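Hello,

Here is the structure I promised to pass on. Please open it alongside this email; my notes follow below.

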Amino acid sequence: MGKCVWITGASSGLGLHTANALRQNGFTVVAGARSFAKPENCTDDRCLPLDVTSDESVSAFVKKALQMTGVPDVLIHAAGVLNLGACESYTDDEIRLVMETNFFGLTRMVRQVLPLMREKGKGKLVAFSSINGLLGIPFEGAYTASKHAIEGYLECLRMEVKPFGIEVMTVEPGDHRSGSSLYRRHGKQMTPQSPYWKAYQRGTAVIDHDEKNGSDPARLGRKVANALQKKRLPCRLCIAKWDQHMAVILHDVLPVRLFSVFIASYYSKKTKPDQSEKGTVL
Ligand SMILES: NC(=O)c1ccc[n+]([C@@H]2O[C@H](COP(=O)([O-])OP(=O)(O)OC[C@H]3O[C@@H](n4cnc5c(N)ncnc54)[C@H](OP(=O)(O)O)[C@@H]3O)[C@@H](O)[C@H]2O)c1
C-alpha cells in the first residue's frame with residue numbers, strides 16, 4: 001500500500017481532482033463526502049460517507065478509514081461551502097453552515113486524526129483555505145470569515161505540532177473552474193427588496209464570470225500531489241492566476257482604504273459575456 005491520504009470533500013471539485021491526482025501518483029486514498037452515502041456515487045471501495053458538520057459522522061469515518069488503511073500519512077480537508085450575501089443580511093443559520101463546514105469541519109477532523117499522527121510520530125495536515133483567506137471581497141463575507149479562521153488556526157497549529165513530527169500546509173486556491181453551484185448558495189434575504197440588490201447582482205456576476213474562467217482544477221490536484229511528495233512540505237501553496245497573486249500583494253502593501261476602493265470598483269463593474277476568455281483579477 002502506497003502512502004495513505006484521507007481527504008474530505010472528495011466527491012467533486014478541487015477535492016475530487018486532488019484525490020484523483022493522488023491516486024495517479026500511487027497514494028492510497030480514503031475519500032469522504034456526504035454523497036458517498038449512496039453507493040452509485042462511489043468510484044472505488046475507499047469512498048466513505050462523511051458529514052464534517054457532525055461529530056458522530058467524523059468518528060464513524062475515522063473508525064472505518066482506520067480499519068482500511070491504519071493511521072494516514074496525510075489528512076486533507078477540502079470540504080467547503082460558499083454562501084453569497086451581504087454581511088448585514090446573513091442569517092445566523094447561513095453563517096453557521098459555512099463555518100460548520102469550512103472551519104469547524106477542519107477542527108473536528110484535526111481533533112480525531114492528530115492524536116493518531118502524534119502517536120505515530122509523523123504526519124501531514126493539509127487544509128483548503130482560499131485567496132479569500134488572505135483578502136476579502138464583497139458578498140463573500142461568511143466564506144471569507146471561515147477561510148480567515150482557517151488561516152489563523154493553521155498558523156498556530158503549525159508551530160504546536162512541529163515537535164511531534166507533523167507538518168502543516170495551507171492550500172490557497174484562486175478561482176478554479178470547479179465550484180459546483182450546489183455549494184454556492186445565495187443568501188435568503190438577497191431579493192430585489194434588499195438595499196444591496198443592484199450591487200449584489202453586479203458583484204455576483206463578476207464572481208460567476210471569474211469562476212467560469214478560472215484555472216484548471218486538475219492542475220491544482222497535480223500541484224497538491226507534487227507538494228506532498230517533496231521532502232519538506234511547503235507551508236503554503238497559493239495556486240492562482242498572476243493577477244490574483246498581485247491582488248494579494250497589493251492587499252499587503254496598499255493602505256486599507258485604497259485597496260478597498262480598488263477591489264470594490266472591480267466587483268461593481270459590468271461583466272460582458274464576450275470578455276469571457278480574458279484574464280481576471282479575482
Ligand atoms: N473552486 C474554487 O474556485 C475555489 C477557490 C478557492 C478555494 N476553494 C476551496 O476548495 C475546496 C473545494 O471547493 P470546490 O469549489 O472545488 O468544491 P465543490 O465542487 O463546491 O465541492 C465541495 C465539496 O465539499 C463537500 N462537502 C460539502 N459539505 C460537506 C459536509 N458537510 N461534509 C463533507 N463534505 C462536504 C462536497 O461533497 P458532498 O456534497 O458529497 O458532501 C464536495 O465534495 C473548498 O474548501 C473551497 O472553499 C475553491
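First, a term: two strands count as paired if DSSP finds at least two bridges between them. Keep in mind that this is a predicted model.

The bridge partner of Pro-173 in β9 is Ile-239. In total, 4 bridges join β7 to β9, and the two strands run parallel.

**The sheet**

β7 and β9 belong to an open sheet of 7 strands. Its order is β3-β2-β1-β4-β6-β7-β9, and the pairing is parallel. At the edges lie β3 (47-49) and β9 (236-239), each of which pairs on one side only. From one strand to the next, the twist averages 15°.

How many bridges join β6 to β7? There are 6, between residues 123-128 and residues 166-173, and these strands also run parallel. Two pairs to look up: Leu-125 stands opposite Val-168 in β7, and Ala-127 has Thr-170 in β7 as its bridge partner.

The chain goes from β6 through α4 to β7, a β-α-β crossover that is right-handed. Helix α4 (residues 141-161) packs on the sheet and touches β6 and β7. The direction of α4 makes about 160° with that of β7. β7 itself is mostly covered, with 7 of its 8 residues buried.

**The cores**

In soluble globular proteins, nonpolar side chains tend to be buried together. Here, the largest nonpolar core has 53 residues. Val-5, Ile-7, Val-29 and Ala-31 have the most contacts inside it. Helix α3 (residues 92-120) gives the most to this core, with 6 residues.

Have a look at Ala-31. Not counting residues up to four places away in sequence, Ala-31 touches Ile-7, Ala-10, Ala-19, Phe-36, Arg-46 and Cys-47.

Another core, of 10 residues, lies apart from the largest one. Among its members are Val-98, Tyr-143, Met-190 and Tyr-200.

**Phe-259**

One more residue to check. Phe-259 is found in helix α8 (residues 256-266). Is Phe-259 buried, exposed or partly exposed? It counts as partly exposed, because it has 17 C-beta neighbours inside 10 Å, while a buried residue needs 20 or more and an exposed one has 12 or fewer.

Leaving aside neighbours within four places in sequence, Phe-259 is in contact with Leu-250, His-251 and Leu-254. Phe-259 and Arg-202 are 57 residues apart in sequence and 19 Å apart in space, C-alpha to C-alpha.

Best wishes

How values were computed: Residues are numbered from 1 along each chain as its sequence is written. This is a predicted model: local features need pLDDT of at least 70, side-chain atom pairs count only at pLDDT 80 or more; totals for chains, interfaces and linings use all residues. Axes are lines fitted to C-alpha atoms, for helices over the stretch in contact, and angles run from 0 to 180 degrees between N-to-C directions. Two residues are in contact if their C-beta atoms, placed from the backbone, lie within 7 Å. A nonpolar core is a set of buried Ala, Val, Leu, Ile, Met, Phe, Trp, Tyr and Cys residues joined through C-beta atoms within 7 Å. A crossover is right-handed if, with the strands pointing away from the viewer, the path from the first strand over the helix to the second runs clockwise.
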